[in-house]
Amino acid sequence: MKNRTAKGYIINTAVIAAVLIGFSVLKGALGDSQIFKLIMVPSLWQCCYLIILAASLNLVLGFLGQLSLGHCGFMAIGAYSAALISLACERAGIFADKSSPAFILVLLCCILAAGILAALVGLLVGIPALRLKGDYLAIITLGFGMIIVNIINNLPFAGQEGLSIGSASASLYKNGLGFGTASKVTFVWVAIIVTLICLVMMFMFIRSKYGRAIRAIREDEIAASASGINTSYYKIFTFTYSAFFAGVAGALYACANATLSTSSFAFTNGGILNSTFIVVMVVLGGMGSLTGSIISAIIMFILNYQIKNGLWVKSLTGFLGGMFAYPMLVYAIILIVVIMFRPRGIFGTYEFSLLNISRDIKNYRAKKALQKAGKKEADANE
Amino acid sequence: MNENKEPVLETRHLGITFGGLKAVLDFNIKIFEGELVGLIGPNGAGKTTVFNMLTGVYLPTEGSVILNGEVLNGKKTHQFVASGVARTFQNIRLFKQMTVIDNVKAAMTKDTGYNMLDALIRTPKFWKTENELTKKAMDLLAIFKLEGKAHQLAANLPYGQQRKLEIARALATDMKLLLLDEPAAGMNPTETAELLECINAIRKRFGISILLIEHDMSLVMNVCERILVIDYGITIASGLPEEIAKDPKVIAAYLGE
């Protein structure tokens, strides 16, 4: 077992290194082309925060087994706090523009602060909300998500129009956190590395006593408390931990968009960022599989991109064309189809890894060989 | 009997009412170290209700539960477990989609001494604790001959082994008093005999006290040192197995008058 763990770490480190090297090679080869600057890099930013969002909701939905519909609220807190802190830093003269070395430090601090603030709100929401279960919890978290967005909407310094118009917007775009095309390319490594760190942190959490405790709570709460697990502590802890990552994803969102407005985090938002969309990502990937969330986040991003920009979608006519005009309808149909035909999602609780695959292939072969041997014996007996 | 010693568990006038229904009334029991006490009674007599009060699932409306001299009234279930009571359930409640060994390890959570930071950066302390946990869990599983199935899902075990795993999980909480709620329910005679062996083995090995609810009279009469009989929430008899078997009140409760 120990040997296997060591092997797993080596493979994972190699994969992470390969991702980074592969990206830098890609950047070297395509760095100047328009496709790279205008499509690939912004897509990468979106994928990064969607992956963090899906994986962090999976901690609550898949591993802890509690349905939370307010995840976008935490993301909004992360986005706004990162944007406001960066603006404050800029006005305080800590950095002059994005090329100054202090900016990177400010950027990383903003991302961290966004996570911590979202986690604090998560804690405040979690303490009362997690006394409830099932549908009631879903409704109360939905309510809290909307309350958070509405509060931000009415804050004088965040504003009805968010940070989208007026002086705040201009400085967000030029000097603050919001990245234009060129800065997105320059700072894309921040998105990749932050995503990788977040994923590592989540995997470490799941593969420790915390992961065991929360999976036990998902399986049977009464038995978990009868086994000495302090269920309310672990529930609130996981909720807070998950909100932290939602905040980090929000900060990345603030970077990837030059403007922020609360309507993009509202529950009724028809775009990509609402809590139901994140739930669809988690369910599609498999509740209880972080690798599943990563893959389904990418799939859903590509789908969303195709619906919005794909030429084949625009060429559809009649009923299908009408349906694709309402992306939320497509996501809802995906959710229904997944629940009907594969309720466990793509991966279920299975974690994708090279070691698991090689083990499963070995087991499968052994099983086949055993069956063959048994058949031969039966034939011989006849 | 060891009257001079402190009892592991003592209840004083324990009672609970649900609305107007008096489910359990004036329940008094003393269990000493290493004892195996049986709790029997017809269906619906309130045996499982007593268990639920002894583990903090129900809040008793009267009386108190005292464990090793510590009054546990109003505490939560996990605090009861921390002070040394563990239980199994009448209808098996395993963590079904977790592996057998993770079921046992999850029950050791409260004694796992690393914190979040250790888990995140995988300090030597983390590895040391995890290795110790694995070893302890495998030792426990070995008692129940489950070590070969450690990495299977708990849901895939046959019924008898699921029962055993539940006992192993309860033992993993490092308790002093084990409450077994109908451990032999639904088992065939061979499985019951095996279970009996296991119970005796763990008593010898861990020196724990056990309170047992059971319908299988041969099991109860064979292993219990003392027996309590309740009916309609009232303790109608208590004493040695031979006395209980002859008690006219008990016979009346089971067979009708």
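Q: What helices and strands does chain B hold in this model, and what makes chain B as compact as a globular protein of its length?
A: In this predicted model, chain B contains 10 helices and 10 strands. Its radius of gyration is 19 Å, close to the 18 Å given by the globule rule for 257 residues, so chain B is as compact as a globular protein of that length. Along the principal axes, its C-alpha trace spans about 65 × 40 × 40 Å. Buried residues account for 44% of the 257 residues.

Q: Why is strand β3 of chain B called largely enclosed by the rest of the structure?
A: A residue is buried if 20 or more other C-beta atoms lie within 10 Å of its own. Five of the five residues of β3(B), residues 36-40, are buried, so the strand is largely enclosed. Leu36(B), Gly38(B) and Ile40(B) point one way, Val37(B) and Leu39(B) point the other way, and all are buried. In a regular strand, side chains alternate between the two faces of the sheet.

Q: How do you know that β3(B) pairs with strand β8 of chain B and with strand β9 of chain B?
A: Pairing requires at least two bridges between the strands. β3(B) has four bridges to β8(B), residues 209-213, in the parallel sense, and Gly38(B) stands opposite Leu212(B). β3(B) also has four bridges to β9(B), residues 226-231, again in the parallel sense; there, Leu228(B) is the bridge partner of Leu39(B). Both counts meet the requirement, so both pairings hold.

Q: What makes β1 and β2 of chain B a hairpin?
A: Strands β1(B), residues 9-18, and β2(B), residues 21-31, run antiparallel and are joined by seven bridges. Thr11(B), for example, stands opposite Ile29(B). Two residues lie between the strands, and Gly19(B) in the turn has a positive phi of about 60°.

Q: How do you know that the span of helix α13 of chain A is close to the expected one?
A: The expected span is 1.5 Å times one less than the number of residues. Helix α13(A), residues 290-309, has 20 residues and reaches 28 Å from its first C-alpha to its last, close to the 28 Å expected. Its buried residues, among them Leu290(A), Ile294(A) and Phe301(A), pack against α2, α8 and α12 of chain A.

Q: Which residues and elements make up the contact of chain B with chain A?
A: The contact takes 24 residues from chain B and 21 residues from chain A. On the chain B side, α2(B), α3(B) and α4(B) are the elements that give two or more residues. By class, that side has nine nonpolar, seven polar and eight charged residues.

Note on methods. Residues numbered from 1 in each chain as written. Chains lettered and ligands numbered in written order. Predicted model: local features only at pLDDT ≥ 70, side-chain atom pairs only at ≥ 80, totals over all residues. Buried ≥ 20, exposed ≤ 12 C-beta atoms within 10 Å, placed from the backbone. Contact = placed C-beta atoms within 7 Å. Rg over C-alpha atoms; globule rule 2.2 N^0.38 Å. Nonpolar A, V, L, I, M, F, W, Y, C, P; charged D, E, K, R; others polar.
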